[in-house]
Amino acid sequence: MKKIIIFKIGALGDALMTTPFTRQLRGLFPDAQIDFWGTESVALVYRQNPYISNFVTIPQQSLSWRKPQQVLKLIRDIRTRRYDIGFALGRSWVFALIITLAQVSSRIGFGRDAIARLLLQRSYPTTTLKHEVHLYLDLLQSFGAVDYKDTDFDFTLLPGDEQVSKTLIQEDHLTNFIAVVNSGGNNFNESSQVRMLPMDKFQQLINCLGNSHQQVVLIGDKHDRDRYQQLNLPANVINLAGKMTLPQTVALLKHAKLIITTDCGPMHFAAITKVSMIAIFGPTDPKRKAPFKAHVVWTDEDIYQASYDLYGTIPECKFFQRIDPRQLCELSRSMSDH
């Protein structure tokens with residue numbers, strides 16, 4: 001029986017985009033032991049995932065070279081499992097180095113830099129302009145046929161998640177509502193907020209949606225909630241950001257008639273619901289990360305810098321300057337009617 005390790009850290013949305021890879025990996029190795037090693041955010045995505053054998057939670061500090069003892073312990077822990085195949089789903093050469101030192105027999109990952117290409121037996125490029133989901137699926141090419149149309153995300157909602165959302169729907173008398181989120185650029189290693197609509201633009205959008213007499217629900221985390229509270233919210237706009245966990249938010253979004261979102265984690269989770277979506281992009285190329293069935297709005301293609309997508313380099317450009325909130329509102333009205 002093959003023993004396989006998948007090694008991944010990162011934000012929630014990035015983790016969710018690995019689930020088609022994991023599902024197809026199980027299809028290629030139906031009898032294998034497939035262990036997923038990841039941080040707490042990844043653990044949330046993979047709770048009760050039927051395609052893995054075990055999830056091993058990695059403390060975030062285990063990946064910091066400022067704490068070499070923690071890194072060495074992680075390497076030893078992986079080595080004791082004696083994995084036959086290892087997939088390093090991170091872009092950095094560090095992940096390739098860890099599974100190499102852990103003596104994983106066959107190592108597959110991304111060859112973004114020369115060190116990774118040296119350490120991995122099979123490396124795949126990240127510079128090709130294609131969707132992240134497809135980049136992960138590329139890693140399976142040498143093991144069998146890959147279905148690039150099989151891109152649905154796997155995520156388990158628990159009964160408690162559904163109950164919380166139903167309670168909020170009843171308390172706030174939500175019917176036929178539009179869900180809106182303005183977040184992005186607030187990950188573990190990033191606080192740039194570069195993927196968020198400027199607050200003056202967001203205020204205009206909220207005013208326009210509010211004037212259309214539609215119920216609007218603002219979604220996000222506690223930091224988003226604080227930003228939303230600084231706005232002048234129309235009476236029919238309800239701020240639910242920070243009041244729910246992410247799974248509870250997904251359960252609520254299933255009842256929306258339309259979702260308007262920036263490029264952030266909730267955008268990817270909203271794709272699970274199959275609800276019509278407007279996805280607003282700024283510094284990121286939507287060809288890489290936009291939900292496959294979303295209506296994409298991107299007005300910054302001419303100032304796009306690929307280094308942000310490929311290396312996380314924060315661009316200094318001002319994005320979203322040509323976004324017209326009134327046109328977004330009109331688009332939302334058109335999509336809501338259909």
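Predicted model: local features only at pLDDT ≥ 70, side-chain atom pairs only at ≥ 80, totals over all residues.
**View 1. His-131 in its loop.** Start with the loop that runs between β6 (122-124) and α7 (132-138), where you will find His-131. With a relative accessible area of 6%, His-131 is buried, because buried here means under 20%. Leaving aside residues up to four places away in sequence, His-131 touches Met-17, Lys-287, Arg-288, Lys-289, Ala-290 and Phe-292.

View 2. Looking along α5, the buried residues are Val-94, Phe-95, Ala-96, Leu-97, Ile-98, Ile-99 and Thr-100. Their cover includes the strands β1 (3-8), β4 (85-88) and β5 (106-110), together with the helices α4 (68-81) and α6 (114-119). Just after α5, look for Gln-103, which takes a positive phi of about 65 degrees.

**View 3. The buried face of helix α10.** Here we turn to helix α10 (residues 222-229), in which Asp-224, Arg-227 and Tyr-228 are buried. Seen down the axis of α10, these buried residues fall within an arc of 100 degrees, so they line one face of the helix. They pack against strands β7 (178-181), β8 (216-219) and β9 (237-239), and against helix α9 (199-211). At the start of α10, a side-chain oxygen of Asp-221 comes to within 3.0 Å of the backbone nitrogen of His-223.

Definitions and conventions
Residues numbered from 1 in each chain as written. Heavy atoms only, no water. Helix = DSSP H or I, 4+ residues; strand = E, 2+ residues; numbered from the N terminus. Buried < 20%, exposed > 50% of the residue type's maximum accessible area, 1.4 Å probe, protein only. Contact = heavy atoms within 4.5 Å. Arc of directions from axis to C-beta. Polar contact = N/O pair within 3.5 Å; in protein donor to acceptor, adjacent residues only side chain to side chain.
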